[in-house]
Amino acid sequence: MPPSFPADDVPEPRVTYTSLTHHTAFETGLAIRKHFLDTYPTVDEPGGPGIVIQIQLFSGHILFAAAVGSGPTVGPGNWKWVEGKFNTVRKSGGSSWKMGQTLKASGKTAEAVGFPFPEFACAGGGVPIWIKGNEVGPVGAIIVSGLPQREDHQGYYG
């Protein structure tokens with residue numbers, strides 16, 4: 001089971017690489033996949049949990065993409081959530097979880113602040129990618145989707 005955080009104490013992940021290559025993205029994606037499979041051993045059972053994982057640069061280049069699980073848990077709808085979480089990270093510069101929690105605390109809707117669904121998804125699972133020495137802004141995002149948003153977000157702590 002992923003670590004549990006109180007509702008107001010979920011850490012804001014900051015994934016920072018000294019350099020980002022196809023190999024490091026692949027290894028990161030495989031590590032997230034392994035963590036998921038270790039945490040949810042019933043993934044292959046009918047109706048078992050499933051996720052999709054995507055690592056993408058803001059230029060549009062997809063470095064890693066995978067679906068883990070079986071239908072109907074994993075399907076085309078998951079990739080729409082990935083797209084929305086990616087857009088949220090790109091526009092906000094922070095995690096999609098942080099954006100959702102900020103909106104919740106302010107009492108505002110995503111639509112009211114320019115993050116309309118489904119183009120944007122202000123829910124857990126999207127984390128910005130930083131390169132060491134670059135303090136200007138993130139270069140891409142790691143996205144996990146398919147579990148309840150808190151679990152998607154916590155997938156990075158395995």
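A residue counts as buried here when its relative accessible area is under 20%, as exposed when that area is over 50%, and as partly exposed in between (1.4 Å probe, protein chains only). The model is a predicted one, so local features need pLDDT of at least 70 and side-chain atom pairs count only at pLDDT 80 or more, while totals for chains, interfaces and linings use all residues. Numbering starts from 1 along each chain as its sequence is written, and side-chain values use heavy atoms, with hydrogens and water left out.

Now for the overall layout. The protein chain has four helices and five strands, where helices (H or I, at least four residues) and strands (E, at least two) are DSSP runs numbered from the N terminus. Read from the N terminus on, the elements go β-α-β-β-α-α-β-β-α. Taking contact to mean heavy atoms within 4.5 Å, 66% of the contacts between residues at least 6 apart in sequence join residues at least 24 apart.

The five strands make up an open sheet with mixed pairing, in the order S1-S4-S5-S2-S3; two strands pair if DSSP finds at least two bridges between them. S1 and strand S3 (62-68) sit at the edges, each pairing on one side only. From one strand to the next the twist averages 15°, with axes being lines fitted to C-alpha atoms (for helices over the stretch in contact) and angles running from 0 to 180 degrees between N-to-C directions.

Strand S4 (residues 126-131) has five of its six residues buried, so the rest of the structure largely encloses this strand. On one side, S4 runs parallel to strand S1 (residues 15-17), joined by three bridges, and here threonine 16 has tryptophan 130 as its bridge partner in S4. S4 also pairs with strand S5 (residues 140-145), this time in the antiparallel sense and over four bridges; valine 127 stands opposite isoleucine 142 in S5. Elsewhere in the sheet, strand S2 (residues 51-57) and S3 run antiparallel and share six bridges, with valine 52 partnered by alanine 67 in S3.

Helix H1 packs on this sheet, touching S1, S2, S3 and S5, and its direction makes about 20° with that of S3. Threonine 39 belongs to helix H1 (residues 22-39) and counts as buried because its relative accessibility is 15%. A polar atom of the threonine 39 side chain lies 2.7 Å from the backbone oxygen of histidine 35. Helix H2, for its part, lies across S2, S3, S4 and S5, running at about 145° to S5.

As for aromatics, a search of the whole structure turns up five pairs. Rings of Phe, Tyr and Trp (its six-membered ring) pair if their centres lie within 6.5 Å, with planes under 30 degrees apart counted as stacked, over 60 as edge-to-face and the rest as tilted. Tryptophan 81 and phenylalanine 117 are a tilted pair, because their ring centres are 4.9 Å apart and their planes meet at 50°. This pair links distant parts of the chain, 36 residues apart: tryptophan 81 is in helix H2 (residues 76-92), phenylalanine 117 in the loop between helix H3 (96-106) and S4. Tryptophan 81 is partly exposed at 36% relative accessibility, and phenylalanine 117 is partly exposed at 46%. Lysine 91 places its charged end over the ring of phenylalanine 115, 4.6 Å from the centre; a charge sits over a ring if NZ of Lys or CZ of Arg is within 6 Å of the ring centre and within 35 degrees of the ring normal.

Note on methods
A polar contact is a pair of N or O atoms within 3.5 Å; within protein, one must be able to donate a hydrogen and the other to accept it, and residues adjacent in sequence count only if both atoms are side-chain atoms.
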